[in-house]
Amino acid sequence: MSEEILAEEEQASILTLTDENGEEIEFEFLDLVEYEGDEYIILLPVEAVETEVVVLKVEPIDEENESYVSVNDEQTLNEVYAIFKERFKDILTFED
């Protein structure tokens with residue numbers, strides 16, 4: 001692959017989201033997980049000191065747009081994260 005294509009692929013995996021304080025935060029998109037009829041995105045803050053992932057629920061706004069909301073249910077978070085860990089067990093190292 002050319003360097004230009006690699007740079008485009010890397011850029012495509014970066015999302016900029018606005019938090020509740022109006023601050024923009026960049027995240028690396030890691031995965032999209034379907035769980036009990038809903039979709040969840042797994043993100044890693046680009047400038048994170050710790051390597052803790054963020055799990056957000058995908059909420060469709062219309063046919064072209066969506067928003068991402070926090071997941072407050074601990075069981076759902078654990079199940080979605082378990083699916084993610086299983087998919088990437090041969091690629092990533094996880095600390096429990």
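Five bridges join strand S4 to strand S5 (residues 66-70), and the two run antiparallel; strands pair if DSSP finds at least two bridges between them. This is a predicted model, where local features need pLDDT of at least 70, side-chain atom pairs count only at pLDDT 80 or more, and totals for chains, interfaces and linings use all residues. Residues are numbered from 1 along each chain as its sequence is written, and side-chain values use heavy atoms, leaving out hydrogens and water.

**Exercise 1.** Find what stands opposite Val 58 in S5.

*Solution.* Start at the hairpin of five residues that joins S4 to S5. Then look across from Val 58: Tyr 68 is opposite.

**Exercise 2.** Work out why the buried residues of H2 line one face of the helix.

*Solution.* First, pick out the buried residues (under 20% relative accessible area; exposed is over 50%, partly exposed in between, with a 1.4 Å probe and protein chains only). In H2 these are Thr 76, Val 80 and Phe 84. Next, look down the axis of H2: the buried residues fall within an arc of 70 degrees, so they line one face. The arc is that of the directions from the helix axis to the C-beta atoms.

**Exercise 3.** Name the contacts of Tyr 35 (heavy atoms within 4.5 Å).

*Solution.* Set aside residues up to four places away in sequence; Tyr 35 then touches Tyr 40, Thr 76, Glu 79, Val 80 and Ile 83.

Notes:
Helix = DSSP H or I, 4+ residues; strand = E, 2+ residues; numbered from the N terminus.
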